[in-house]
Amino acid sequence: MPGTLDQPHPYELPGRAFLVGSAVQSDLSSKQLRHPRFEAPYRGVRRLRRDSAHPKTLRERVAQSASDYLPLLRLSRGEAFSHTTALHLHGAPIRTPPDLHVSIPRPHGPARGVLVHGHHHGTEVEPWQVRVEGIEGLEGVAFACVPPVTALIQSAPLLSFREQVVAADHLVKLRGRGACQWSLVGLEQLLEAAEASNARGIRRLRAALCVARVGAESRMESLQHFELARMGIDDLELQAEVYDAKGCWIGRFDAVDRLRRLILEYDGEQHRLDRKQYLRDQRRLDRARDAGYEVKRTHLEDFQPRALEQTHEEMCAFLQRRPRRVAPGLARYFAEPY
């Protein structure tokens with residue numbers, strides 16, 4: 001029996017989109033689908049209207065747009081989210097327009113739509129099933145995405161040099177602990193794939209992979225080591241384990257110069273908003289100082305374009321280093337505007 005406008009309906013799942021045709025074939029009438037409670041994110045798709053005033057991060061916006069598009073995705077033909085959309089769904093903290101990118105093997109025609117870019121990918125590409133975490137309403141939703149290596153190469157012409165480094169850092173980031181550590185892809189695998197590719201923007205990506213490092217665990221940690229690399233200072237140990245004189249573990253730190261006993265630590269927003277985390281960090285930093293390390297904390301504002309010159313000077317002074325010339329090829333990409 002069809003539901004009424006005043007009763008809960010099976011299709012009324014927060015954040016979940018559905019095909020108009022499927023709903024009509026089930027038990028929703030055209031009149032019900034025109035009710036203001038529904039909106040149309042894409043042609044032929046409906047979902048419950050959301051609170052437009054609710055703020056969303058870029059990652060949330062992309063994931064929600066991809067969720068809205070899922071009913072249209074031609075899974076049986078190998079279609080999958082690709083390019084920067086796939087990177088976002090794989091968790092890369094990049095900054096891009098929120099447009100959707102989907103790709104499909106030939107001979108099928110690419111997708112078309114408002115703010116939807118259709119592409120082709122090779123038949124050898126086997127989509128991954130990716131689940132995003134921490135986004136309300138999308139728990140358990142599986143997104144078909146091209147693999148991380150494919151997504152990064154596809155995105156080469158769409159990303160600036162800096163964003164390529166951020167994306168690569170995320171893909172090679174180690175997850176887990178001890179013998180159970182793993183990454184989405186190894187840096188060597190990315191380098192081999194880039195070397196074998198002739199895609200647009202691949203030269204910039206090859207240069208970015210020379211800057212990418214295992215050990216940057218957030219966007220801001222990537223930007224910190226990116227700015228150090230711009231100055232030719234790229235030999236600090238990232239995510240370094242530090243111990244005291246008795247061999248007791250103090251903690252892991254963002255960037256460490258063991259010879260000079262110096263620590264650069266990015267102070268993220270979570271350190272201020274979470275009181276327990278703040279106190280843990282303070283104790284960890286105090287113990288590092290007691291063990292003979294000097295500590296300099298950096299902040300979001302230090303990596304804004306207008307502050308970079310002063311940030312460079314302060315980091316060089318703290319590290320007791322002078323900037324060194326980088327290879328001309330890299331210098332050209334580092335000089336790109338943000």
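I began with the lining of the second largest pocket, where helix α3 gives the most, with five residues. I took a pocket to be an open set of points on a 1 Å grid over the protein atoms alone, with protein on both sides within 12 Å along at least five of seven lines, and I counted as lining the residues that have an atom within 4 Å of a point. Helices (H or I, at least four residues) and strands (E, at least two) are DSSP runs, numbered from the N terminus.

I noted at this stage that the model is predicted, so that local features need pLDDT of at least 70 and side-chain atom pairs count only at pLDDT 80 or more, while totals for chains, interfaces and linings use all residues. Residues are numbered from 1 along each chain as its sequence is written, and side-chain values use heavy atoms, with hydrogens and water left out.

Back at the second largest pocket, I found 23 lining residues, of which P41, Y42, R47, S65 and D68 lie nearest its centre. The elements that give two or more residues to this lining are α3 (58–69) and β6 (112–113). Its volume is about 620 Å³, a volume being the space filled by probe spheres set on the points, which are joined across faces, edges and corners.

I next looked in the loop between β5 (100–104) and β6, where P107 is found. A cis peptide bond joins R106 and P107, with omega about 10°.

I then searched the whole structure for cavities (sets of points where a 1.4 Å probe fits but cannot get out), and two of 30 Å³ or more were found. The largest cavity has a volume of about 40 Å³, and its lining consists of G215, A216, E221, Q224, H225, L238, D254 and A255. Two or more of these residues come from each of α9 (219–230) and β11, and the largest share, three residues, comes from α9.

L238 has A255 in β11 as its bridge partner, and six bridges join β10 (residues 237–243) to β11 (residues 249–257), the two running antiparallel. Five residues lie between the strands of this hairpin, in which G247 takes a positive phi near 85°.

I turned to the nonpolar cores, each a set of buried Ala, Val, Leu, Ile, Met, Phe, Trp, Tyr and Cys residues joined through side-chain atoms within 4.5 Å. Buried means under 20% relative accessible area, exposed over 50%, and partly exposed in between (1.4 Å probe, protein chains only). The largest core has 54 residues, and those with the most contacts inside it are Y69, F81, L87, L89, F143, L152 and L190. Helix α6 (residues 161–172) gives the most to this core, with five residues. Apart from it lies another core, of twelve residues, among them L228, M231, L262 and L264.

Which residues is L89 in contact with, leaving aside its neighbours within four places in sequence? With contact meaning heavy atoms within 4.5 Å, I listed A63, A66, F81, V130, V132, F143 and C145.

Last, I checked H83, which lies in helix α4 (residues 83–89) and has a positive phi near 50°, although it is a residue other than glycine. H83 is buried, with a relative accessible area of 9%.

How values were computed: Two strands pair if DSSP finds at least two bridges between them.
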